[in-house]
Amino acid sequence: MMRTLKVALLGCGVVGSEVARIMTTHAADLEARIGAPVELAGVAVRRAGRPRPGVPEHLVTTDAEALAKREDIDVVIEVIGGIEPARSLILSAFESGASVVSANKALLAADGAALHAAASKAGADLYYEAAVAGAIPLVRPLRESLAGDKVNRVLGIVNGTTNFILDKMDSTGAGYSEALEEATALGYAEADPTADVEGFDAAAKAAILAGIAFHTRVTADDVFREGITEVTAADIASAKAMGCVVKLLAICERSRDENGEESVTARVHPAMIPLSHPLASVRGAYNAVFVEADAAGQLMFYGPGAGGSPTASAVLGDLVAVCRNKVAGATGPGESAYAQLTVNPMDDVVTRYHVSLDVADKAGVLAQVATVFAEHGVSIDTVRQQGRDGDASLVVVTHRATDAALSATVAELRTLDHVRGVASIMRVEGE
């Protein structure tokens, strides 16, 4: 019989406590699936003395470093979050020969290369399915199932909080503040929702997805980020008028220049997508990711993207995989960054735009605005003008143009005498 594999759990919050519960209640099933018994050997917490149902008191310690360094530990599960002390603890685990399962998107997006290098040096595994989209199987399909294919685009809703807020604004007509208040009351938004509503959470996930999909190192700093705090009820209404809905999207894609050189971009921002697109129907706090590959075609991954049980499911899936590797005396796939593609800035991204202008309701304004767009090489698809008491709103939807060209266009529009202001600018995706 194979010896018992010992697991250290760093963190026992919403996710960690659920991991501990499942390991205890499903011990026999886990042993059968792994081919060896697996034992929770220690649980590191910030503060001892709190009741932790299902976690034996004798396993609890506040010395996370000592637990991570224990020589008898086979696998360390890290669900602390943040950069430090998580980074140091993971590196200590590798130095002691343990494999690591992590749900830490921020750390992986900031320093994934160093963590992968440490794992490789130690001959250990680094698995992190739970770092992106909770229970949705996404990292492993990209890293393994599609390893023989060429992924061209990853387009997804990867933050449940922002999707709930935007969905509520769309379905009820609520403003941003009102929708955020409801999300907080229901537990979808943290007391400080900055990481979610400003796009930091989604940007970290986009960096991880882009790195895996394109075999290129991409960090959170490489990802263009724009949150949803400036999205208004008027934006939502404009989207409806176009047969669209507004979503916060993580978009990772590869492109080829006129010389045939490939590069990639990664960005997170609100965008209008047509109701016919599969992502348009993703409601509430759910996540979904749309993958486009050469041979596989279009694939859709959908499900709960956060929460204790869904995230714990992903952690346990990784634990089983890592423990199976231990039993087999092998390791799973490590970092694949051989392509080393250039990561382009947002200025080079080509997409469509929805631009809403406040203008004077006078003859010639439309012609003046159209001339500015033309001078900067931005082709107009449609224009809608509504006047009221000497003022008017002018909505321009463009054909595809670079972000740099659109920015230059808007800068000049602001100088026109009859343009009172730029009410909003939003990208149009999914077509």
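Let's start with the cysteines: this predicted model holds zero disulfides, a disulfide being a pair of cysteine sulfur atoms within 2.5 Å. Cys 323 is in no disulfide, and the nearest cysteine sulfur, that of Cys 12, is 18 Å away. Cys 323 is also buried, with a relative accessible area of 0%; buried means under 20%, exposed over 50%, and partly exposed in between, using a 1.4 Å probe and protein chains only. Cys 252 counts as buried too, because its relative accessibility is 0%.

A word on conventions: residues are numbered from 1 along each chain as its sequence is written, and side-chain values use heavy atoms, leaving out hydrogens and water. Local features need pLDDT of at least 70, side-chain atom pairs count only at pLDDT 80 or more, and totals for chains, interfaces and linings use all residues.

Now turn to helix α11, which spans residues 233–241 and buries Asp 235, Ile 236, Ser 238 and Ala 239. Seen down the axis, these buried residues fall within an arc of 160° (taken from the directions from the helix axis to the C-beta atoms), so they line one face of α11. Ala 234 and Ala 241 are exposed on the other side of α11. After the helix comes Gly 243, with a positive phi near 75°.

Finally, look at the surface, where Tyr 286, Met 300 and Tyr 302 form a nonpolar patch with about 300 Å² of accessible area together. Tyr 286 lies in strand β11 (residues 286–293), and counts as partly exposed because its relative accessibility is 38%.

Conventions: Helix = DSSP H or I, 4+ residues; strand = E, 2+ residues; numbered from the N terminus. Patch = residues over 30% accessible without salt bridge, like charges linked within 9 Å, V, L, I, M, F, W, Y side chains within 5 Å. Areas by Shrake-Rupley, 256 points an atom, 1.4 Å probe, with all protein chains shown as cover. Salt bridge = Lys/Arg side-chain N within 4 Å of Asp/Glu carboxyl O.
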